[in-house]
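Here are my notes on the model, as numbered points. Please keep the structure open while you go through them.

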Number of protein chains: 2
Amino acid sequence: MARIITVGRQFGSGGRELGRRLAEALGIQYYDREIISEIAKKTKLSEEYVHNIVERKPMGLYPITVGKSFAYVGEYSLIQQQSVYKAQDRIIKELADKSDCVIVGRCADYILRDHAPFRIFVYASLDSRIKRCISRASNGENLTEKEIKRQIREIDKNRSKYYEFYTGGKWGGKENYDLCVNTTNANIKELVAGVARMLSENA
Amino acid sequence: MARIITVGRQFGSGGRELGRRLAEALGIQYYDREIISEIAKKTKLSEEYVHNIVERKPMGLYPITVGKSFAYVGEYSLIQQQSVYKAQDRIIKELADKSDCVIVGRCADYILRDHAPFRIFVYASLDSRIKRCISRASNGENLTEKEIKRQIREIDKNRSKYYEFYTGGKWGGKENYDLCVNTTNANIKELVAGVARMLSENA
């Protein structure tokens, strides 16, 4: 039984790799950054700006005096934020209606709650996430371990705030997922084979 | 790669069933209540008394004035508690040394931490646990839904206290497990086939 699968993930945990491989194993669509491109197209905003909205702390959570100026977090930006959220909501629902798929991030577990998705959360120890970030860094990207640690904490804090702002639920709280997978000591290929088996019809 | 697998579980979540089926699927030993019988044999205490110690709130956590009398929670009982813990520790290590196996409960994930066990935690929504408890009740066992709910909460509170007392870690905290499995909407046979696949060599 292939169907809609959503993947939430700590930064550096290998959640995107798991999602991509799972979609391959099940022979279904995989969506991640494509969603941002689609939102950008629909809202006529730049991909970078959209990325900032859907991956950063929601503006509604900033105290009104924080930011470059009052205008910066003013009505116009809040309207843009709302339009991005609405576009994201519509696009994710359209994708899920079109065909079975794996969707990484974007609160898709919440947006698609009426589709009864299989909700996965991928996590790992901080040390193993630092190692993974170092091993996958592009040439020329030379962050120190301390900088990577700060980056991981910052991104996850934003994901957590964003999820809680958007869904009212706890990001990574196991009650919000069907399966929580720790990749610290794991081989992602083996994990994926197992998750695919869980979702197959012939158990 | 079969190996040592530990299963922590919320009461009524189907964790024992999952553990038993997983052991069958992997063709390895399964231990649950057998451990209590072994402890009873080694300590010369009754199985019921041992069960009370390893499934109830640790005595060390009671205020000294609580209980039937000072003597009740006095030195003698604490010594017995210690001897049960020591026997449990030794028996679980002996079982793990003897052969690959699935061990349900008993803080085995912590006791066997040097064996790098695959640590599973099984959980479910309160409603689905109530339903499961009703469906598996023996003839003549006629608890109301309210009584079952109270029983679930009481047993899980004790398991949580016991785990935290014994290990210093958080019972059910996902960082302490390799895989957290929500059985609320799940078919346990399909889950088991998937987990067995994760643990097989040929992924």
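1. Start with β4(A), which is covered on both faces. F118(A), I120(A) and V122(A) lie on one side, and R119(A), F121(A) and Y123(A) on the other; all are buried. In total, 6 of the 6 residues of β4(A) are buried. A residue is called buried if 20 or more other C-beta atoms lie within 10 Å of its own, exposed if 12 or fewer, and partly exposed in between, with C-beta atoms placed from the backbone. In a regular strand the side chains alternate between the two faces of the sheet.

2. This is a predicted model: local features need pLDDT of at least 70, side-chain atom pairs count only at pLDDT 80 or more, and totals for chains, interfaces and linings use all residues. Residues are numbered from 1 along each chain as its sequence is written, while chains are lettered from A and ligands numbered from 1 in the order in which they are written.

3. How confident is the predictor? The complex has an ipTM of 0.85 and a pTM of 0.87. For chain A the mean pLDDT is 85, and 86% of its residues reach 70 or more. pLDDT is the predictor's confidence in each residue, from 0 to 100. Residues 61-72 of chain A are the stretch to treat with care: pLDDT stays under 50 there. The model has 9 contacts beyond four places in sequence for that stretch. Where pLDDT is low, the predicted coordinates should not be read in detail.

4. Next, the fold of the chain. Chain A has 8 helices and 5 strands. From the N terminus on, the order is β-α-β-α-α-α-β-α-β-α-α-β-α. Helices (H or I, at least four residues) and strands (E, at least two) are DSSP runs, numbered from the N terminus. Of the 203 residues of chain A, 38% count as buried. Among contacts in chain A between residues at least 6 apart in sequence, 71% join residues at least 24 apart. Two residues are in contact if their C-beta atoms, placed from the backbone, lie within 7 Å.

5. β4(A) has two partners to look at. Strand β1 (residues 4-9) of chain A pairs with β4(A) in the parallel sense over 5 bridges; here T6(A) stands opposite R119(A). β5(A) also pairs with β4(A) in the parallel sense, over 4 bridges. There, Y123(A) has N182(A) as its bridge partner. Two strands pair if DSSP finds at least two bridges between them.

6. β5(A) then reaches across to the other chain. β5(A) and strand β5 (residues 179-182) of chain B pair in the antiparallel sense over 3 bridges. C180(A) stands opposite C180(B). Both faces of β5(A) are covered: L179(A) and V181(A) on one side, C180(A) and N182(A) on the other, all buried.

7. Which elements build the interface? In chain A, 20 residues are in contact with 20 residues of chain B. β5 (179-182) and α8 (188-198) of chain A are the elements that give two or more residues to that side. The largest share, 8 residues, comes from α8(A). By class, the side of chain A that touches chain B has 11 nonpolar, 4 polar and 5 charged residues. Ala, Val, Leu, Ile, Met, Phe, Trp, Tyr, Cys and Pro count as nonpolar, Asp, Glu, Lys and Arg as charged, and the others, Gly among them, as polar.

8. On symmetry, chain A can be laid on chain B with an RMSD of 0.0 Å by a turn of 180 degrees and a shift of 0.0 Å along the axis. The two copies are thus related as by a two-fold rotation axis. Superposition is by least squares on the C-alpha atoms of residues with pLDDT of at least 70 in both copies. Of the residues of chain A, G194(A) comes closest to the axis, at 2.1 Å (C-alpha).
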